[in-house]
Amino acid sequence: MRVYITRTLPEAGIEILKEAGIEIAQYSETKELDKDEFIKTCQDFDALLIAGHVRLDEYFFSKCPHLKAVSLLSVGYDNVDINAATKYKIPVGHTPDVLSGATADTAFLLMLAASRKAFYMYDYIKQDKWHFYQPTANLGIELNNKTLGIFGMGRIGMEMAKKAKGAYNMSIIYHNRKQNNEAEQLLNARYVSFEELLEQSDVLSAHANLSEETKGIFNKEAFAKMKPSSIFINTARGALHNETDLTEAIQKGIIWGAGLDVTNPEPMSKDNILLTMPTVCVLPHQGSATIETRAAMAKLSAENIVAIANGKEMPHTVNKDVYAIQK
Ligand code: DGY
């Protein structure tokens, strides 16, 4: 089997592929792949290991129906038209669980950093503004005993809730497609409507998948229902929030601040006004970026490919129904 890898993969994944006798080629440039060039390249390979947000749409699959597998180095798969992959009988794999802790750490980091204006204050020193101590200036807000609202109580949301409860004794409320018994038993989390989540959260952390249902759900109307002292955190997908509405909500004091690991579009422009706001902290989509987690993700994504090479099902398949269809 020949596999094309769209970024430099951590060694842990490369080793697994090589041990299985799989031939690999890695894209090593630092600019995005051109769509047509990419499709042309794919003709010479049996499977893809996708890192980064290459968009695999119906057109892509119609041009590459020969692919035996697409393995994503991510838990999210909103960049892939899953129905189209299934239509062309191509299994799509992903890397759940292993990145939950690291991504929740990023959400926690952004919550704390935004609450204390940390990124802005760092810049303040770099701009040579640290001259005079003023006890009433640049104050943050504390998190102890506040309410954390989780939008999307899956594996990452659960990790974030555990950390916040442990560190700050935060009360946990959540909104999800269905109730999460583990969160309710372990953390005393309380299921609330979306409206209640907006109204009651001191910190609202988004962890839901991007779908037609969740796209742009954090908009002007949603921010208007939040507390003026609240912080919005998004480590899931930038398209969950409307950036113009978020910017305006912070500028007008409708909410207090935000911590974003994901933006819309990505990359965010260096001139984006959010980057100048004291109560906003932004990171460049690096929720899972630890040595340990990236190695674990690389292993899972490689194991998904090896399974297909051995005529088996991927251990972590998004479109499981694909195996019922004969290629
Ligand atoms: C994920 O795993 O979905 C991360 O956001 C990286 O894309």
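1. Ala164 counts as buried at 0% relative accessibility (buried means under 20% relative accessible area, exposed over 50%, partly exposed in between, with a 1.4 Å probe and protein chains only). Ala164 lies in helix α7, residues 155–168; helices (H or I, at least four residues) and strands (E, at least two) are DSSP runs, numbered from the N terminus. Not counting residues up to four places away in sequence, Ala164 touches Phe108, Met111, Leu148, Asn169 and Met170, where contact means heavy atoms within 4.5 Å. Leu143 is 21 residues from Ala164 along the chain, and their C-alpha atoms are separated by 8.7 Å.

2. On the basis of the note: this is a predicted model, in which local features need pLDDT of at least 70 and side-chain atom pairs count only at pLDDT 80 or more, while totals for chains, interfaces and linings use all residues. Residues are numbered from 1 along each chain as its sequence is written, and side-chain values use heavy atoms, with hydrogens and water left out.

3. The chain is divided into domain 1 (2–97 + 290–326) and domain 2 (100–282); these bounds come from an automatic or database domain assignment. The C-alpha centres of the two domains lie 32 Å apart. Across the boundary, eight residues of domain 1 are in contact with six residues of domain 2.

4. What surrounds the ligand? The shell consists of His53, Ser74, Val75, Gly76, Leu99, Arg237 and His285, a residue being near a molecule if one of its heavy atoms lies within 4 Å of it. By class, the shell divides into two nonpolar, four polar and one charged residue. Here Ala, Val, Leu, Ile, Met, Phe, Trp, Tyr, Cys and Pro count as nonpolar, Asp, Glu, Lys and Arg as charged, and the others, Gly among them, as polar.

5. A backbone N or O atom of Gly76 lies 2.8 Å from an oxygen atom of the ligand. For Arg237, a side-chain N or O atom is 2.8 Å from a ligand oxygen. A polar side-chain atom of His285 lies 2.7 Å from an oxygen atom of the ligand. The protein buries 84% of the 230 Å² that the ligand exposes when taken alone; accessible areas come from the Shrake-Rupley method with a 1.4 Å probe, and for residues only the protein chains shown count as cover.

6. Thr103 is found in helix α5 and counts as buried at 7% relative accessibility. Leaving aside neighbours within four places in sequence, Thr103 is in contact with Ile156, Thr235, Gly287 and Ser288.

7. Gly259 lies in strand β11, residues 257–260, and is buried, with a relative accessible area of 0%. Beyond its neighbours within four places in sequence, Gly259 is in contact with Leu110, Ala114, Phe232, Ile233, Asn234 and Cys281. Thr279 is 20 residues from Gly259 in sequence and 8.3 Å away in space, C-alpha to C-alpha.

8. Where are the cis peptide bonds to check? One runs from Asn264 to Pro265, with omega near 10°. Another joins Glu266 and Pro267, with omega about -5°. Pro265 is found in the loop between β11 and β12 (280–282), and Pro267 lies in the loop between β11 and β12 as well.

9. Positive phi values deserve a separate entry. Asp97, although not a glycine, has a positive phi of about 70°. Asp97 lies in the loop between β5 (92–93) and α5 (100–115) and is partly exposed, with a relative accessible area of 43%. Phi of Asp128 is also positive, near 60°, in a residue other than glycine. Asp128 lies in the loop between α6 (118–126) and β6 (147–151) and counts as exposed at 53% relative accessibility.

10. Is Ser201 buried or exposed? Ser201 is buried, with a relative accessible area of 1%, in the loop between α9 (194–200) and β9 (203–206). The side chain of Ser201 reaches the backbone oxygen of Leu197 at 2.7 Å. This is a polar contact (a pair of N or O atoms within 3.5 Å; within protein, one must be able to donate a hydrogen and the other to accept it, and residues adjacent in sequence count only if both atoms are side-chain atoms). Leaving aside neighbours within four places in sequence, Ser201 is in contact with Thr147, Gly149, Ile173, Lys227 and Ser230.
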